[in-house]
Amino acid sequence: MIEHSTSIFAEMSNLAIQTESINLGQGFPDTDGPQEMKDTAERCIQEGLGNQYPPPHGLPALRHAVAVHQHRFYGLTVDGDTEVVITTGASEALQSAVLALIDSDDEVIMFEPWFDVYAAAISLARGVRVGVPLVGPGLRPDLDRLADAITPRTRMILLNSPHNPTGIVFTRAELQVIADLAITHNLIVLSDEAYEHLWFDEHQHIPISTLPGMFERTVTVGSGGKSFSFTGWKIGWASGPRHLISAVRVVRQHLTYVSGGPFQYAMAEGLALPDQYFTEFRKGMSERRDVLSAGLDELGLRVIPSQGTYFLTTDVTPLGFTDGLEFCRQIPERAHVVAIPHQAFCDDDSIGAPYVRWAFCKQIPVLGEAVRRLQSLV
């Protein structure tokens with residue numbers, strides 16, 4: 001039997017509308033990305049470029065731009081013709097990869113808390129999800145538990161770094177342990193790197209596919225929406241070895257078939273932007289992170305430092321709450337602010353119970369107003 005549930009994002013976004021709350025739950029920016037990308041999309045629409053079905057695996061211009069990007073930033077050699085597929089957002093890339101590579105009763109290991117799309121994908125593939133907790137005050141991966149979780153039925157490790165919802169970035173040492181286990185047990189790694197350009201301070205993102213022996217067993221997923229602040233365009237991609245990407249392509253073409261053509265041209269231009277864009281992008285988001293972190297800390301919440309993504313996590317127990325879900329259901333009425341509980345991303349409620357995720361990809365005055373409203377809880 002396939003199990004599905006209502007998305008926590010739908011519930012909390014509806015609460016935000018009903019209570020006229022500031023929505024720090026859903027991860028979308030409130031400002032647009034580069035103007036030149038918008039200009040390209042508009043020009044393509046006017047000139048008829050991409051207004052009809054693009055090629056089913058994505059425009060060659062974007063597939064090759066993804067390949068160039070992977071080499072430019074990570075030194076990976078990827079064939080844009082055979083080792084890249086363009087998808088309707090990173091979520092479709094993830095869904096397609098799981099459906100293509102997981103059979104009934106195959107086990108998929110993922111770190112808990114996990115993004116809810118993963119659970120839905122595994123359920124649709126009739127696989128079995130196996131959670132391994134992020135533990136300790138910094139919510140780091142329990143690598144001993146990871147090793148113990150592997151069985152003869154394990155087929156895949158689903159990795160996410162920079163990690164949603166916690167905001168941690170996996171270290172090279174942590175990735176090496178995961179890589180060693182994948183190689184030893186002949187596992188596929190599905191690596192969700194939607195936030196690859198949003199790492200902060202010294203916590204640089206390292207794709208696991210760059211580690212020795214890992215490219216040939218890794219499907220890497222990227223997101224144009226997250227990298228360029230155009231989440232509504234829903235353009236993502238998967239890259240990796242031909243034998244894995246060909247399987248992903250077969251499934252993906254039976255889902256949405258193709259994705260927005262004019263936006264694909266614009267994303268190809270975005271991937272070629274100079275390094276300064278990506279540096280300034282990180283700088284702007286880290287400033288927003290610092291504003292929200294400081295404000296929540298002053299309220300008495302224990303802030304777990306965000307190393308990447310749009311998100312930071314807090315422990316709500318210092319304010320007298322023991323249940324993050326209850327906290328998130330109360331604050332729209334009490335403070336007119338919305339956040340997301342970690343419990344929505346856990347099979348084991350005890351792992352996520354005290355934690356709440358906040359999105360800081362908003363304008364600084366909006367974040368300041370949210371903190372001001374939350375003062376009513378203290």
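Which way do Y355, R357 and A359 point from strand 14, and which way do V356 and W358 point? Y355, R357 and A359 go one way and V356 and W358 go the other, and all of them are buried (buried is under 20% relative accessible area, exposed over 50%, partly exposed in between, with a 1.4 Å probe and protein chains only).

## Ground rules

This is a predicted model, where local features need pLDDT of at least 70 and side-chain atom pairs count only at pLDDT 80 or more, while totals for chains, interfaces and linings use all residues. Residues are numbered from 1 along each chain as its sequence is written, and side-chain values use heavy atoms, with hydrogens and water left out.

A few terms come up throughout. Helices (H or I, at least four residues) and strands (E, at least two) are DSSP runs numbered from the N terminus, and two strands pair if DSSP finds at least two bridges between them. Contact means heavy atoms within 4.5 Å. Axes are lines fitted to C-alpha atoms, for helices over the stretch in contact, with angles from 0 to 180 degrees between N-to-C directions.

Strand 3 (residues 107-112) runs parallel to strand 4 (residues 128-135), and six bridges join the two. Within that pair, E112 is found opposite P133 of strand 4.

Strand 8 is largely enclosed by the rest of the structure, because six of its six residues are buried. T218, T220 and G222 point one way, V219, V221 and S223 the other.

On one pairing, strand 7 and strand 8 are parallel over four bridges, with D192 opposite V221. On another, strand 8 and strand 9 are antiparallel, also over four bridges; here V221 turns up again, opposite A238 of strand 9.

Now for the antiparallel sheet: four strands, open, in the order 10-11-14-13. Its edges are strand 10 (302-304) and strand 13 (340-341), each pairing on one side only. Helix 11 (residues 275-298) packs on this sheet, touching strand 10, strand 11 and strand 14, and its direction makes about 10 degrees with that of strand 11. Helix 12 (residues 324-335) lies across strand 13 and strand 14, at about 45 degrees to strand 14.

Back to strand 14, which is mostly covered, with five of its five residues buried. Strand 11 (residues 311-315) and strand 14 (residues 355-359) pair antiparallel over five bridges. In that pairing T314 faces V356, and L312 stands opposite W358. Strand 13 and strand 14 are also antiparallel, over two bridges, and I340 has R357 as its bridge partner in strand 14.
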